[in-house]
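Try each task before reading its solution.

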Amino acid sequence: MTDNGTAPIALNAEQVWFAYPQHDAVLRNVSLAIPAGKHTVIMGPSGTGKTTLLRVLAGILKPNRGRIAVFDQPMNGRGQRQLSPLIGYIPQQLGLVRNLTALDNVLMGALGRLGDTASLLGLFPKAEIDAAHAALKMMGIDHKSDAQVFHLSGGERQRVAIARTLLQRPRIVIADEFASDLDLAMAYEILDRIRDAAEQEKITFIMSMHRIGLARRFGDEVLALEGGTIVRGFIGNEILETAPEATVEATTL
Amino acid sequence: MISKLFLPIITALFLLAVLAHLGFFDWERLARGVRNMRILSAEMVPPDLTILPTAGAALWETVEMSFAGTLLGFLASLPLSILATRRLFSDWISRLARFVAAGIRTIPVLLWAIVFVILVGLGPLAGTFGIAAYTIGYLAKIYADLFEGTDPEIIEAVQSTGASKLQLVRFVIIPETANAILAQVLFMLEYNIRASSILGFVGAGGLGLIVQIYLQNLDYRRLATVLLLVLVIVLIMDGISAWLRRRFLLSTQAS
């Protein structure tokens, strides 16, 4: 493993194996280290286990073998509850509640630090509501805060999902196939807003993508997943040049 | 080919055998039934409208019983169905909750009414509790299945913010299933209005008592009035629930 020792490691996976019950292993001996404050893009053909890898890294799935550490704290099934606020997770279909407004969906990012009593009545502190509006504004969608999610377009939903994750105030955000089904101009705009937000809030982003153009635009570092394992830390010459501190051990089985 | 035809043929043979056992092929008896139907319908017209005040009061009691019973049962079914949702609670808790719901459902609403007549005495209160009991058993199962069908991606996304189980129920599961929750309550209300019109047979209040009296006295013209009233109230209920569905359900059907 190459490690130039400058950036701290936000997320570290060592020899992670994962298989769904009664199936062959999806992740085979994956080791990677995500530097803090960087944008890491995970690429690879469909069916190689990108989603599974992200869900394992987010702590939703428990690896069969191997270790995962979040800022040097080991993640296991039990300690997940205290680590989970540190990691924001945005699934491929975004996981927004369609019958609720954009604002309500964003406020869900604050649930982890709110008690049951007030939040179950739908009463959120004014500070959280202001913060939710600020997150929506940062994503350029505050004018739609009272619209129900099912009335929003695909791009608007992506902005709401990011705003919800920002309100959670995570250190790491993991997003699956983000901005993949948007037209390029829209995807660029949203990704640029995410970069600004990430810089302000000092967030480490990990995204899976399948469009090389988006990966180049967004990724400080690109990891390629093939056959359930990380095959190389870059794709193409340009990425290689812009990713000098590739911190990935190429593991081939 | 043989294996494809096997099931339909066996089903048809079984049906014929059962019908024969039940007396379906006694043509003489069926013909008598058709003759009696003519006599009965002739004796039902014109309906005796002089009993409208009595029947109207009994009908109103039936409506009250169904509304109160459905609502009480609905409220009680929510916690039970949440406990029965496998994704939220451990296997044995959800199994236990499902077993309780199945046990309640095993007893038909008429038997529940008898149980509550014994417990709280004759009258509409017994009927209300009987309806509520059956509603709990039915809705708890339907809702638990519904809650389990919530898109797992949404649950994972909100769970990863550190939300508690109760917060998940409040902000994800109930909003996501709100349409179906409402649709099932309306279905249950319609069902309960029809069901509660016979609970008076066992002394649990409502229309049933006068239906029983008219039947025993062979007073078919008065019985016809009662049946017409039930028809009217069921049609009104259909109208109300269609309006509610349009008002609350269609608006969320987009996307």
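**Exercise 1.** Find the handedness of the unit that β7(A), helix α7 and β8(A) make.

Solution. Start at β7(A), pass over α7 (residues 184-201) of chain A and end at β8(A): this β-α-β unit is right-handed. Right-handed means that, with the strands pointing away from the viewer, the path from the first strand over the helix to the second runs clockwise. Helices (H or I, at least four residues) and strands (E, at least two) are DSSP runs, numbered from the N terminus.

This is a predicted model, in which local features need pLDDT of at least 70, side-chain atom pairs count only at pLDDT 80 or more, and totals for chains, interfaces and linings use all residues. Residues are numbered from 1 along each chain as its sequence is written, while chains are lettered from A and ligands numbered from 1 in the order in which they are written.

**Exercise 2.** Work out how β7(A) is joined to β8(A) and to β6(A).

Solution. First, β7(A) and β8(A) run parallel, joined by four bridges; here Ile172(A) stands opposite Thr204(A). Next, four bridges also join β6(A) to β7(A), again parallel, and Tyr89(A) stands opposite Ile174(A). Two strands pair if DSSP finds at least two bridges between them.

**Exercise 3.** Sort the residues of β7(A) by the way they point.

Solution. Ile172(A) and Ile174(A) point one way from β7 (residues 172-175), and Val173(A) and Ala175(A) the other way.

Definitions and conventions:
A residue is buried if 20 or more other C-beta atoms lie within 10 Å of its own, exposed if 12 or fewer, and partly exposed in between; C-beta atoms are placed from the backbone.
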